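I opened this notebook to record what I looked up, entry by entry, with the cut-offs noted where each term first comes in.

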Amino acid sequence: MTDSAVASTGGLPEGPEKRQAVEEMFDRVAPGYDRMNRIISLGRDTRWRKRTVEALGLPRGSLVLDLACGTGDLCRDLADAGYRAVGIDFSAGMLARAHTDAPLVRGDAQALPLRDRAVDGVVCGFALRNFVEVRAVFDECARVLRPGGRFAALDAAVPERVIMRAGNTVWFRGAVPLLGRFLARDADAYRYLPRSTAYLPPPRALLDLLHEAGFAGSARRTMTGGSVQLITGTRA
Ligand SMILES: C[S@@+](CC[C@H](N)C(=O)[O-])C[C@H]1O[C@@H](n2cnc3c(N)ncnc32)[C@H](O)[C@@H]1O
């Protein structure tokens with residue numbers, strides 16, 4: 001890893017090194033990913049995903065891309081809500097562990113294997129901070145969405161309230177790496193995942209990026225004391 005690659009995010013990789021590190025890490029953690037997700041989120045992640053799908057507000061039967069779908073939790077929620085889902089992820093390991101009937105494609109979020117205006121909606125769960133270039137991914141989402149199409153992305157956030165922020169730090173920086181070490185036998189991955197929130201642009205900047213990519217009415221709301229954020233927008 002080069003010095004310049006780690007400079008701006010305090011030791012985390014960037015550029016092509018980040019892409020490779022993220023893909024390898026998800027391939028590695030895939031077998032225990034779902035169980036660790038439930039534990040880390042204290043069972044809340046299922047509700048957060050449902051809210052994400054609800055935020056689309058599209059007619060039943062709409063075609064929705066689950067971007068960086070992982071093991072396909074959001075694909076299942078989309079199907080439950082009456083949408084037609086398709087999932088894309090670059091980790092072969094995560095796709096191999098997927099538990100959804102939706103069609104899944106191996107591909108990169110920064111170069112989606114979809115034609116222009118192909119989908120009515122895009123959802124994305126806990127992946128923004130894993131992308132090398134968030135703006136490039138927003139551009140791709142704008143390209144594959146039809147005008148009026150909806151975008152909803154869920155990710156971690158840093159709570160504004162001091163007490164919540166302290167609790168968040170103790171849980172994610174202290175307990176989660178330990179749980180990762182003993183339950184998933186991968187302390188490195190579960191140390192990286194909480195640290196990777198440092199990649200996320202601040203809330204205002206994230207909404208500006210979405211707006212610049214061609215989305216109107218971009219909005220952000222938080223859940224669970226500000227520890228999770230939901231970013232939404234409509235393709236102009
Ligand atoms: C934390 S997991 C989230 C999985 C799923 N969306 C969920 O809500 O459980 C992040 C996912 O993003 C995928 N990912 C990261 N960067 C990607 C990229 N550039 N293209 C496609 N998938 C990517 C990873 O392989 C991983 O499956």
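**Entry 1: helix 10.** I began with helix 10 (residues 203-212), whose buried residues are L206, L207 and L210. I took buried to mean under 20% relative accessible area, exposed over 50%, and partly exposed in between, with a 1.4 Å probe and protein chains only. Looking down the axis of helix 10, I find its buried residues within an arc of 95 degrees, so they line one face of the helix; the arc is that of the directions from the helix axis to the C-beta atoms. The face turned away from this buried side carries the exposed residues R204 and H211. I noted beside this that an α-helix has 3.6 residues a turn, so residues three or four places apart point the same way.

The cover over the buried residues of helix 10 includes helix 7 (134-144), strand 5 (145-156), strand 6 (215-223) and strand 7 (228-235), where contact means heavy atoms within 4.5 Å. Just after helix 10, G214 takes a positive phi of about 115 degrees.

**Entry 2: ground rules.** The model is a predicted one, in which local features need pLDDT of at least 70 and side-chain atom pairs count only at pLDDT 80 or more, while totals for chains, interfaces and linings use all residues. Residues are numbered from 1 along each chain as its sequence is written, and side-chain values use heavy atoms, with hydrogens and water left out.

**Entry 3: strands 6 and 7.** I then followed the chain into strand 6, which runs antiparallel to strand 7 and is joined to it by seven bridges; two strands pair if DSSP finds at least two bridges between them. One of the partners I checked is A219, whose bridge partner in strand 7 is T232. The two strands form a hairpin with four residues between them, and T224 in the turn has a positive phi of about 50 degrees.

**Entry 4: helix 5.** In helix 5 (residues 73-80), I list D73, L74, C75, D77 and L78 as the buried residues. Their cover includes helix 3 (33-40), helix 4, strand 1, strand 2 (84-89), strand 3 (104-106) and strand 4 (119-125). G82 follows helix 5 with a positive phi, near 90 degrees.

**Entry 5: salt bridges.** Searching the whole structure, I find 18 salt bridges, each defined as a side-chain nitrogen of Lys or Arg within 4 Å of a carboxyl oxygen of Asp or Glu. I traced one run of them residue by residue. R38 meets D45 at 2.8 Å, N to O; R38 counts as partly exposed at 29% relative accessibility, whereas D45 counts as buried at 1%. D45 also meets R49, at 2.6 Å, N to O, and being four residues apart in helix 4, these two are separated by about one helical turn. R49 in turn meets D73 at 3.6 Å, N to O. Since R49 lies in helix 4 and D73 in helix 5, this pair ties together parts that are 24 residues apart in sequence. R49 counts as buried at 5% relative accessibility, and D73 is buried as well, with a relative accessible area of 11%. Elsewhere in my search, salt bridges that share partners join R19, E23, R106 and D108 into one network.

**Entry 6: two loop residues.** Leaving aside neighbours within four places in sequence, I find L58 in contact with V64, Y83, D120, G121, R146 and R150. The C-alpha atoms of L58 and G148 are separated by 9.8 Å, although these residues are 90 apart along the chain.

R129 sits in the loop between strand 4 and helix 7, and it is buried, with a relative accessible area of 9%. With neighbours within four places left aside, R129 is in contact with K18, D155, A156, L193, S196, T197, Y199 and L200.
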